[in-house]
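Me: I am new to this model and want to learn how to read it. Can we go through it feature by feature?

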Amino acid sequence: MITTADIIKAINRKLKEEFPDIKVWSTDKDKDFGSKCFFVKCTAKKDGSPEFIHEQGEVRIYYFPSDKDINRIELLKMQEQLSQLFLFRIFVTDGFALPITEVEFETDDDVLAMIFEYETYQRIDLEKGLPEIEELEIK
């Protein structure tokens with residue numbers, strides 16, 4: 001089963017591959033993240049049944065520019081790079097791609113935010129992973 005944590009890890013991995021010199025955060029911190037870094041935030045809700053899980057959520061990727069006062073061109077370039085990087089889908093595993101259909105960008109307080117929603121439907125094999133019954137010899 002693909003979890004929300006798996007989705008965040010895949011996004012972080014993709015950002016680190018594309019931007020190896022930029023720090024990526026995905027956990028809250030009580031202090032300033034610093035300049036020229038990403039912060040990934042994901043909210044999700046699940047419903048369904050034990051055999052069939054439906055999850056929908058929102059991902060926000062924040063980019064904090066290198067200079068908080070002079071950054072307009074830097075933010076525009078980063079917006080273009082992020083839109084190309086997350087065009088159509090993100091591979092969570094080799095066999096599971098998360099489709100991305102609508103991407104929005106916002107700039108607030110000189111921080112760029114890329115926002116997209118996702119939705120997954122997963123059938124869960126309840127018997128997979130259960131230990132097999134051992135054969136017992138009765139004497």
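Reply: Start with burial. This is a predicted model. Of the protein's 139 residues, 35% count as buried.

Me: What does the accessible surface come to, and how much of it belongs to carbon and sulfur atoms?

Reply: The accessible surface is about 9900 Å². Carbon and sulfur atoms hold 48% of that surface.

Me: Next, the secondary structure. How many helices and strands are there?

Reply: The protein has 2 helices and 7 strands. Along the sequence they follow the pattern α-β-β-β-α-β-β-β-β.

Me: How do I read a sheet?

Reply: Strands of a sheet pair through backbone hydrogen bonds, either parallel or antiparallel. Then look for the order of the strands. Here 5 strands form an open sheet, in the order β1-β2-β3-β7-β6. The pairing is mixed.

Me: Which are the edge strands?

Reply: They are β1 and β6, and each of these pairs on one side only.

Me: In which sense do β1 and β2 pair, parallel or antiparallel?

Reply: The sense is parallel, over 3 bridges. To find one on the model, go to Val24: its bridge partner in β2 is Phe38.

Me: Where does α1 pack?

Reply: Helix α1 packs on the sheet. There α1 touches β1, β2, β3 and β7 (111-123). The direction of α1 makes about 155 degrees with that of β2.

Me: Which residues of α1 are buried?

Reply: They are Ile7, Ile8, Ala10, Ile11, Asn12 and Leu15. With 15 residues, α1 reaches 21 Å from its first C-alpha to its last. That is close to the 21 Å expected at 1.5 Å a residue.

Me: Which strands does α2 lie across?

Reply: Helix α2, residues 72-85, lies across β2, β3, β6 and β7. Relative to β7, α2 runs at about 15 degrees.

Me: Now contacts. What share falls to residues 24 or more positions apart?

Reply: Take the contacts in the protein with a separation of 6 or more. Residues 24 or more positions apart account for 56% of them.

Me: Which parts does the pair of Asp21 and Lys36 tie together?

Reply: Asp21 lies in the loop between α1 (4-18) and β1 (23-25), and Lys36 in the loop between β1 and β2 (37-49), so the pair ties together parts that are 15 residues apart in sequence. Asp21 is exposed, at 59% relative accessibility. Lys36 is partly exposed, at 33%.

Me: Which residues are linked in a network of salt bridges?

Reply: The network links Glu58, Arg60 and Glu106. Between Glu58 and Arg60, the closest N and O atoms are 3.0 Å apart. The side chains of Arg60 and Glu106 meet at 3.9 Å, N to O. Arg60 lies in strand β3 (residues 52-64) and Glu106 in strand β6 (residues 103-108), so this pair ties together parts 46 residues apart in sequence.

Key
Residues numbered from 1 in each chain as written. Predicted model: local features only at pLDDT ≥ 70, side-chain atom pairs only at ≥ 80, totals over all residues. Heavy atoms only, no water. Helix = DSSP H or I, 4+ residues; strand = E, 2+ residues; numbered from the N terminus. Buried < 20%, exposed > 50% of the residue type's maximum accessible area, 1.4 Å probe, protein only. Salt bridge = Lys/Arg side-chain N within 4 Å of Asp/Glu carboxyl O. Contact = heavy atoms within 4.5 Å. Areas by Shrake-Rupley, 256 points an atom, 1.4 Å probe, with all protein chains shown as cover. Pairing = 2+ DSSP bridges. Axes fitted to C-alpha atoms, helices over the stretch in contact; angles between N-to-C directions. Expected span 1.5 Å × (residues − 1).
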